[in-house]
Amino acid sequence: MTQKHIHILGVCGTFMGGVAIIAKQMGYQVTGSDINVYPPMSTFLEQSGIKIIPNFDVEQLQPAPDMILVGNAMKRGNPCIEYMLENRLPFTSGPQWLHDNLLRNRWVFAVSGTHGKTTTTGMLSWILDQNGLEPGFLIGGISGNFGVSSRLGNSDYFVIEADEYDTAFFDKRSKFVHYNPKTLIINNIGFDHADIFDDLKAIQRQFHHMIRTMPQSGLVLSNAAETSAKETLAMGCWSAQQFIGEEQEWYAERITNDCSQFAVFHHGEKVAEVTWNIVGQHNMHNALMAIAAAHHAGVSIENSAKALAGFVNAKRRLEVKGEVNGVTVYDDFAHHPAEIQATLTALRDKVGGGVRILAVLEPRSNTMKMGHHKDEIAPALVRADHVYLLQPDNIPWEVVDIANNCIQPASCTADLDKLVDMIVAEAHPSDHILVMSNGSFGGIHQKLLTKLAQKS
């Protein structure tokens, strides 16, 4: 029997919300529930005609839908989960459903890695779109170009952000194991998600499981300088491999210091230049991966470079939140030492050496809360002129340990308003305030802009 009504538990997560919109575009009746119902995802779902129930009362499963999709935030003890299991209702995970009903019939471009997934997925989707390939996509954020996080598309091509986080409470494999890519980007492999992985080797094994599902006609793109990626590929790879880096198939070289203009080399020959409104060496490398992946599908390097000129990044990637009295406030999603360092380097390359950067960090990710990477955070902040740290009330360690290891002035407090006052007191015209967190940080950006405007 054809599944007609799909109900999604945990529908407002970025991934599950994207699945909901795609299922709706495929012709299914889609409903969902969540307790974290807020824009922008709630708005997109409602605009797509998807009813959201703001609770997990079991009445939502009466009568039973044809299939229940279980988000990976759902746990045993949830009323709907217990009712679903007790009454033997049909259920599956979002990644598994997506594979069975869509991905197995598509040329899947999977964009994986500890960092850079959302940005690179957006770049590749935009390149394919601008070259007439009409791809579907599922991005882990609202695309700056498309204004949505997902679409079904109108071709065989589908670009998906390939997350290594686990699939569901009943399936502890990484989400990306379900995607069966033909083209796989591995930006990098580092230790993260300490709440579900014991060590780096556990993460590498999941990447290896994904590689095992690829066809011989597939292509794996990775960074030649990435030791952890090399180790993973050495576990076995049955598809073609290409690498980015000096003396490799693909290489990018900055023309401007902030990488807002760079050259693309293929097999040692300069073949194109990219001029765009994005900065940072990490984004230059992300772009090179996207160009190489599109090339696998037949898009010329020159045409990819032209498309990137119009690329708009997702929100929270060095996003300017405002400028007041000569002070610019940025928001960035960086929550891992490698991301913090890359973002600070990008901003430093953009503003130059004679301008001050005030770095503001909230240790909020599960890995950070557990104390992993604690000793790596101070070195990652080295390109800031002053560091400000918020002490969360739910972590078992003190951020003053980071402050004490900083070579530049560093301040910390558990009081958000006090932190804002400290930053505003220090800020001078021409300063750049970089706020980094994978959460809302208590609305600190607007608090800073308001207080800066009041500063005489």
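This is a predicted model: local features need pLDDT of at least 70, side-chain atom pairs count only at pLDDT 80 or more; totals for chains, interfaces and linings use all residues.
The side chain of R254 meets that of D349 in a salt bridge, with an N to O distance of 3.4 Å. D349, for its part, has a relative accessible area of 12% and is buried.

Side chains of opposite charge can pair when their charged atoms come close, and the count of salt bridges in the model comes to 14. Among them is the one formed by E164 with K117, in which the closest N and O atoms are 3.7 Å apart. Because E164 lies in the loop between strand 9 (157-161) and strand 10 (166-168), whereas K117 lies in helix 5 (residues 117-130), this pair ties together parts that are 47 residues apart in sequence. Both partners, E164 and K117, are buried.

Helix 5 also contributes D129 to a salt bridge with R151, and here the closest N and O atoms are 2.8 Å apart. R151 is placed in strand 8 (residues 150-151), so that the pair, with its members 22 residues apart, again links distant parts of the chain. The relative accessibility of R151 is 21%, and the residue therefore counts as partly exposed, the limit for a buried residue being under 20%.

Definitions and conventions:
Residues are numbered from 1 along each chain as its sequence is written. Side-chain values use heavy atoms; hydrogens and water are left out. A salt bridge is a side-chain nitrogen of Lys or Arg within 4 Å of a carboxyl oxygen of Asp or Glu. Helices (H or I, at least four residues) and strands (E, at least two) are DSSP runs, numbered from the N terminus. Buried means under 20% relative accessible area, exposed over 50%, partly exposed in between (1.4 Å probe, protein chains only).
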